[in-house]
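Dear colleague,

I am passing on the structure that follows, together with notes on what was found in it. Please read the notes with the coordinates open beside you.

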Amino acid sequence: MNDSHIKKYMRLKGLIIKEFLQIWRDPSSLAIAFVLPVFLLLLFGYGVSLDARHVPVGWVIDKSSPETASFTAAFEHSEYFNNSHYTHMGTAEQAMQLRKISAIIHLRANFSRELFKQNSPGIQVIVDGVDANTARLISGYIQGAWNEWLTHLAQTRGISIVYPVIAEQRIWYNSAILSKDYLVPGLIAVIMTLIGALLTALVMAREWERGTLEAMIATPVTMGEVLVGKLIPYYFLGMGGMLLSIAMAVFLFDVPLRGSFWVLLLTGSIFMLVTLGMGLLISIMTKNQFVAGQVAIITTFLPAFILSGFIFDIDSMPIAVQAFTYLVAARYFVAILQTVFLTGNVWAIILPNTAALLLMASLFFILAIKKAPKRLE
């Protein structure tokens with residue numbers, strides 16, 4: 001190693017040590033890296049759920065019989081329903097208008113007599129459709145419970161039921177259909193987008209505000225060395241937050257990790273470089289800590305939350321919005337996380353999304369170097 005390389009190494013080492021000391025003196029970066037992901041994971045992990053459980057259901061039974069008692073018993077001990085009984089449809093409809101119940105199951109007087117006859121429905125189900133997603137879930141649950149009870153009753157009576165199509169249902173990768181297992185891996189991507197960008201969004205702006213950047217420009221230190229010197233300490237901080245989030249997903253939320261931990265770590269490292277590069281670019285462009293923080297939140301967290309596929313299906317979005325999602329880095333990491341956690345190492349998904357992250361990381365660092373000041377103004 002010649003003198004030039006030794007000097008570069010020593011300058012870079014000095015910059016890294018200086019940044020670590022800065023982090024130690026200002027613990028706000030430690031809070032962003034470790035406290036904020038824990039808080040957000042607990043908040044969203046327990047607060048956001050797409051499951052419909054303990055749905056209030058109102059029953060109206062015109063004429064009691066052993067069949068109506070058997071059918072209602074199928075709902076009594078279900079974790080999906082909380083049952084209330086009404087004597088008339090009018091009172092049940094009033095309860096639904098007041099949002100006290102989300103569905104009405106009406107068993108008519110001919111329920112027992114017409115039970116196995118085609119086109120003679122003795123049951124009427126009315127679902128509150130104000131929340132369309134919940135309405136679909138309730139409708140599906142009630143339909144499933146009805147089919148299961150009807151099949152069981154037919155078997156006990158030795159009656160065969162002829163269905164036009166028999167659908168054999170098998171659910172892979174998340175057989176319990178727990179929304180938590182689907183949402184928590186995506187949450188890691190959304191949260192780490194915010195954490196990574198916030199960590200570096202303030203560093204260059206802070207140097208601008210304190211006037212220390214001009215001092216560094218006047219020294220033999222190159223702007224590339226300044227950026228790398230600031231990047232490395234925050235990379236380790238961000239990866240610490242990432243590992244903490246993965247540990248919480250596995251050990252606190254019991255999300256299965258079926259793929260390789262090392263694949264997750266490698267792709268997570270690349271994603272962290274993308275978010276740190278994004279934060280550096282924001283910091284260089286804004287030159288103000290307050291503005292940099294606001295821009296980082298608006299340009300990272302909101303797009304990652306809405307357009308990454310974490311909670312809203314990208315294929316269901318308009319074509320123009322779908323095209324815009326390709327600019328959101330979290331989209332690629334969400335796909336990787338959900339695959340590695342729930343399915344395993346599916347390289348057909350992991351490799352193209354990792355390549356997209358590498359491309360975005362390179363682009364952000366090239367832009368950051370080009371936009372960084374190279375001389376005193």
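A residue is called buried here when its relative accessible area is under 20%, exposed when that area is over 50%, and partly exposed in between, with a 1.4 Å probe and protein chains only. Please keep in mind that this is a predicted model, in which local features need pLDDT of at least 70 and side-chain atom pairs count only at pLDDT 80 or more, whereas totals for chains, interfaces and linings use all residues. Residues are numbered from 1 along each chain as its sequence is written, and side-chain values use heavy atoms, with hydrogens and water left out.

I begin with the charged pairs. A salt bridge is taken as a side-chain nitrogen of Lys or Arg within 4 Å of a carboxyl oxygen of Asp or Glu, and the structure holds six of them. Helices (H or I, at least four residues) and strands (E, at least two) are DSSP runs, numbered from the N terminus.

E225 is buried, with a relative accessible area of 9%, while R11 is partly exposed, at 23%.

R99 and D128 also form a salt bridge, their closest N and O atoms being 3.2 Å apart. R99 is in the loop between α4 (89–97) and β3, and D128 in the loop between β4 and α5, 29 residues apart. R99 is exposed, with a relative accessible area of 54%, whereas D128 counts as buried, at 14%.

Turning to helix α5 (residues 132–157), its 26 residues should span 38 Å at 1.5 Å a residue, and its end C-alpha atoms are 37 Å apart, which agrees; the expected span is 1.5 Å times one less than the number of residues. Among its buried residues are I138, I142, W146 and W149, and what covers the buried residues of α5 includes β1 (55–61), α3 (66–76), β2 (81–86), β3 (103–107) and β4 (123–127). G158, which follows α5, has a positive phi, near 70°.

As for packing, a nonpolar core is a set of buried Ala, Val, Leu, Ile, Met, Phe, Trp, Tyr and Cys residues joined through side-chain atoms within 4.5 Å. The largest has 84 residues, of which M204, M242, F341 and L357 touch the most other members, and helix α6 (residues 179–201) gives the most to this core, with 14 residues. Apart from it lies another core, of 20 residues, among them I105, F111, L115 and W149.

Finally, the unreviewed UniProt entry annotates several stretches as "transmembrane region", including residues 30–48 and 182–205; such annotations may be inferred rather than shown by experiment. Over residues 30–48 the chain is 95% helix and 0% strand, with end C-alpha atoms 26 Å apart, and over residues 182–205 the chain is 96% helix and 0% strand, with end C-alpha atoms 37 Å apart.

With kind regards

Notes: Contact = heavy atoms within 4.5 Å.
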